[in-house]
Amino acid sequence: MNSRNEALFQRAQRTIPGGVNSPVRAFRSVGGTPRFIERAEGARVWDADGKVYIDYVGSWGPAITGHAHPAIVEAVREAALKGLSFGAPTASEVDMAELICELLPSVDMVRLVSSGTEATMSAIRLARGHTGRDAIIKFEGCYHGHADSLLVKAGSGLLTFGNPSSGGVPADFAKHTIVLDYNDLDQAEAVFKARGDEIAAVIVEPVAGNMNLVKPRAGFLEGLRRLCTQYGAVLIFDEVMTGFRVGPQGAQGLYCITPDLTTLGKVIGGGMPVGAFGGRRDIMEKIAPLGPVYQAGTLSGSPVAVAAGMASLRLTREAGFYDALAARAARLADGLSAAAREAGVSFSADAVGGMFGVYFSAGVPASFADVMASDRERFNRFFHAMLEAGHYFAPSAFEAGFVSAAHGEAEIDATVAAARAVFAALR
Ligand code: PLP
């Protein structure tokens, strides 16, 4: 095949495991050749063969203002001219911390890191250090990065130990992670009743975006808040994806819940490597150098990355930003649903702020089991036909999609029009 994407993929596989630096990029779930991206601007990405796509991956969330926004690129350029990193504090980190604390009322203090994984890993350590307990609760289908204690799947029963979901994770680590069903508050209640004094933290994606998009059922997050308060566990909202994505105060603002700790990433880096964890002052004061819980990073608070993040956050604060973003995501979800209905294809779609989900199932899923029951083979055919037509959706039936401020009605309508033809062929 005379394709640069194919040639690059062949070449990449000789020196990079699977040809990629993060597994989902390899298209294993959908099959075929990953597109090697050469450049991106606004709502579009261009691949190595020069083909252009309307992009609904958005770098997996960070590109909320559209790719290569001139204000972000300029902020990065200006910061880079002053030096790339110093390993010493800078004023821009203080600005960023102040802005995050101002935007999220639950956050009294915040520590910057370089990825979402670092943020969640550190938040878990901090919760354990704060409570003096070892066990944590997570939910099946939620992804919190690749720290050992978070790569765990459910054991055989509710109260049994979790099992590693990755090679290389010792069973001795996994046994401290209890994995429950998302949106099942009764289960969480039962576990707290039995083991409440062992549980250091509950970590949850307040809107799940790593098993496609699954919204929290009414009362689920409130119930977790109540249980954590009652049993002295730390409630961690993993807002790496939802933070400044589903609304100006993330999911915690949308659902009016105050977590003890929040983890952030993606949007707060504007496309550069930034993560953060923050929350209650009495908990955050347990972090080194104030307290006994160690956490550090050579490039933490990188001035270039922080400049990109600050520019990105500033753009999201413009009047009407989130209303417009949510309107675009809803227009896409509604348009795709209507097109599928016309074609008689079993399909549903949903959106929260600038995130959306597409499901090859009659109803919108409310659990991991619902998501797993959707028609994956049909999704894969949809994905490839849309890609061919120039619309780049996430290459897996189990990922949420993202729109940006650069996705205008014209882009959304073009995608819906393409989907209408694809659904007709899928019938
Ligand atoms: N938490 C959530 C909710 C995520 O979606 C992700 C990444 O997709 C992470 C944590 C890990 O972030 P990173 O990939 O920056 O390590």
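**Close-up views of a predicted model**

**View 1. Helices H13 and H14 meet through residues of both helices.** Arg 378, Arg 381, Phe 382, Ala 385 and Met 386 in H13 meet Ala 418, Ala 419, Val 422, Ala 425 and Leu 426 in H14; two residues are in contact if their C-beta atoms, placed from the backbone, lie within 7 Å. By class, this contact of H13 with H14 has 8 nonpolar, no polar and 2 charged residues. Ala, Val, Leu, Ile, Met, Phe, Trp, Tyr, Cys and Pro count as nonpolar, Asp, Glu, Lys and Arg as charged, and the others, Gly among them, as polar. The axes of H13 (residues 376-388) and H14 (residues 409-426) come within 10 Å and cross at roughly 135°, which makes H13 oblique to H14. The crossing of the two is right-handed.

The model is predicted: local features need pLDDT of at least 70, side-chain atom pairs count only at pLDDT 80 or more, and totals for chains, interfaces and linings use all residues. Residues are numbered from 1 along each chain as its sequence is written. Helices (H or I, at least four residues) and strands (E, at least two) are DSSP runs, numbered from the N terminus. Axes are lines fitted to C-alpha atoms, for helices over the stretch in contact, and angles run from 0 to 180 degrees between N-to-C directions. Angles under 35 degrees count as roughly parallel, over 145 as roughly antiparallel, 65 to 115 as roughly perpendicular and the rest as oblique. A crossing is left-handed if the near helix is turned anticlockwise from the far one by less than a right angle, and right-handed if clockwise.

**View 2. Helix H2 packs against helix H10.** The axes of H2 (residues 70-81) and H10 (residues 303-316) are 8 Å apart, at an angle of about 155°, so H2 is roughly antiparallel to H10. H2 passes H10 in a right-handed crossing. By class, their contact has 13 nonpolar, 1 polar and 1 charged residues.

**View 3. A shell of 16 residues lies around the ligand.** Ser 115, Gly 116, Thr 117, Gly 145 and Val 240 come nearest; a residue is near if its C-beta atom, placed from the backbone, lies within 6 Å of the molecule. Helix H4 (residues 116-131) gives the most to this shell, with 3 residues. The shell has 4 nonpolar, 10 polar and 2 charged residues.

**View 4. Val 52 lies in strand S3 (residues 52-55).** Beyond neighbours within four places in sequence, Val 52 is in contact with Arg 44, Trp 46 and Gly 390.
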